[in-house]
Amino acid sequence: MIIVLIREWLKKTRAHKAAVAYAVIICAVYAPVVFYGRTASAAARYPWFAYFPPEHERMMTKEYPNTFNVDIASPAAYEEPIDLFVGKQLRRGTYPLWNPFIACGSLLQESFSTRVLFPYQLLQDIAPWCLRDFFLLGRLFLAAIGVFIFLRIFGADFYPSLCGGALYGL
């Protein structure tokens, strides 16, 4: 019954066509990341963090890795070290409560970024570091498809919804 309802809803909203369009757009815009092995991870530009996983030992040199379209402000200095720390704690089987990266430490849920409370972020933190770009681009995809569905629910036609999702997602 639920499968029939979902199939009818997909026919009505054409969300599957929008999903394919967004995947193609993201692959085209981020082609260096998707096809040519570059990274969108900001921490790749800063080799002096102590919390890199073992596969990033080569980054302790002065050579920067092959990055693409990297925002090196907040993600490199705040978010990615916390992601690495939280992922390491979760893989050990403990839920992280303390953020060691702010002053002498603070409660992690009390920070201005409550990253450890969101399921997508938890999946990103637990996943191996090599999937980092997949999760970063996945956020764009989910944002685009979410706006598309939102606009379709409120009565917008297919193409305005598609453009709205693309503009918001990218």
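Ala, Val, Leu, Ile, Met, Phe, Trp, Tyr, Cys and Pro count here as nonpolar, Asp, Glu, Lys and Arg as charged, and the others, Gly among them, as polar. This is a predicted model, in which local features need pLDDT of at least 70 and side-chain atom pairs count only at pLDDT 80 or more, while totals for chains, interfaces and linings use all residues. Residues are numbered from 1 along each chain as its sequence is written, and side-chain values use heavy atoms, with hydrogens and water left out.

View 1. The structure holds one cavity of 30 Å³ or more (a set of points on a 1 Å grid over the protein atoms alone where a 1.4 Å probe fits but cannot get out; lining residues have an atom within 4 Å of a point). The volume of the largest cavity is about 40 Å³ (the space filled by probe spheres set on the points, which are joined across faces, edges and corners). Its lining consists of Y22, I25, I26, L140, A144, G165, A166, G169 and L170. Two or more of these residues come from each of α2 (15-29), α6 and α7 (158-169). By class, seven are nonpolar, two polar and none charged.

**View 2. Helix α6, residues 132-153**. Helices are DSSP runs (H or I, at least four residues), numbered from the N terminus. The 22 residues of α6 reach 32 Å from first C-alpha to last, close to the 32 Å expected at 1.5 Å a residue (1.5 Å times one less than the number of residues). Just after α6, G155 has a positive phi of about 95°.

Key
1 Å grid on protein atoms, 1.4 Å probe; cavity = no way out; pocket = protein on both sides within 12 Å on 5 of 7 lines; lining within 4 Å.
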